[in-house]
Amino acid sequence: MGLFSFTQEIAMDLGTANTIIISNGKIVVDAPSVVALDRRTDKVLAVGHKAQQMHGKTHENIRTIRPLRDGVIADFFAAEQMIRGMIKMISSKNRWFAPSLRIVVCIPSGSTEVEIRAVRDSAEHAGGRDVYMIYEPMAAAIGIGIDVEAPEGNMIVDIGGGTTEIAVISLGGIVSNKSIRIAGDDLTADIMEYMRRQHNVKVGERTAEQIKINVGSALTFLDNPPEDFIVHGPNQMTALPMEVPVSYQEIAHCLDKSISKMEAAILSALEQTPPELYADIVRNGIYLAGGGALMRGLDKRLTDKINIPFHVAEDPLHAVAKGTGIALKNIDKFNFLIQ
């Protein structure tokens, strides 16, 4: 940042689970969407990784909040404090005065007017002067490297923390889309419930997330299976410590219902697709982005079920953020940004 550059431009992927900020084409913040506040004064104690470490371990004077639920802002005050804290993380060293901020934020494609306004207000209160918005599947497509303005159909399935966004994109617009509130958080909740019911052991959100990352699978048979994951927790009946090995097959069974709902949503979006674009999609395949795309065997399961090849994006976790960053550079060129 030189002395004379008045406008700082940032692209923000404001996610239910993680928030990523891009500035000057580089990822400068990649942190969990969590903020820790002092209950008495509402002062911000930590944002991102530090707040995440406190999550589930706080005493009565500290509360940790995940301000976004299902991809939309559920707690205004906390969201604003979190956005502000994350913008502060972008080095404030060589700045003599606060420049004005131009922000592009991505939002779920199923957002209502009210939800869109909530994001805009939070971004403005956190210091944004020009705030633009882009729909998540559109950002994911740009981030994957698809030419979104070409006259051909491409389908994106973006499985985030709070929502799964399914969209068919052609000529720089979304032709048909489906946004369902079944995504990473629901898979984590399925695992917590399963551990309680099946193994009689209580696990928190963070442990369930670890189980999902280590042995999460969409198929009960994998070519190179992960090793069983050992879970430590209290027995529900006796409160004595337990050690339970969890296999990927078990988790595949426990996630089956939620993944079937995602399959149904993808089929439903395909049904609404005009035939010419449908032919393009069959030829190009369907792209998977978002953290959920990392689930073992998911691409194979969907390919077998839907008979269209599914490709996992190169860097699925950052596809949306990268696309938002590219949109930021082309604000004048792209006419699908919402202002």
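**Helix α7 and its partners**

A: Happy to: in this predicted model, helix α7 and helix α9 (residues 298–306) pack at an angle of about 50°, with their axes 11 Å apart. Axes here are lines fitted to C-alpha atoms, for helices over the stretch in contact, and angles run from 0 to 180 degrees between N-to-C directions. Helices are DSSP runs (H or I, at least four residues), numbered from the N terminus. The pair α7 and α9 is therefore oblique, since angles under 35 degrees count as roughly parallel, over 145 as roughly antiparallel, 65 to 115 as roughly perpendicular and the rest as oblique. The crossing of α7 with α9 is right-handed, that is, the near helix is turned clockwise from the far one by less than a right angle.

On the α7 side, Asp256, Ile259, Ser260, Glu263, Ile266, Leu267 and Leu270 meet Leu298, Arg301, Leu302, Lys305 and Ile306 of α9, where contact means heavy atoms within 4.5 Å. These residues split into 7 nonpolar, 1 polar and 4 charged. In this count Ala, Val, Leu, Ile, Met, Phe, Trp, Tyr, Cys and Pro are nonpolar, Asp, Glu, Lys and Arg are charged, and the others, Gly among them, are polar.

A word on conventions: residues are numbered from 1 along each chain as its sequence is written. Local features need pLDDT of at least 70 and side-chain atom pairs count only at pLDDT 80 or more, while totals for chains, interfaces and linings use all residues, and side-chain values use heavy atoms, with hydrogens and water left out.

Now for another partner: α7 (residues 248–271) packs with helix α5 (residues 184–199) at about 140°, their axes lying 10 Å apart. α5 and α7 are therefore oblique as well, and their crossing is right-handed. From α5 come Leu187, Asp190, Ile191, Tyr194 and His199, and the α7 residues they meet include Cys254, Leu255 and Met262. This contact has 8 nonpolar, 2 polar and 2 charged residues.

Beyond its neighbours within four places in sequence, Ile266 is in contact with Met155, Val157, Ile166, Leu302, Ile306 and Phe310.

Note on methods: Helix = DSSP H or I, 4+ residues; strand = E, 2+ residues; numbered from the N terminus.
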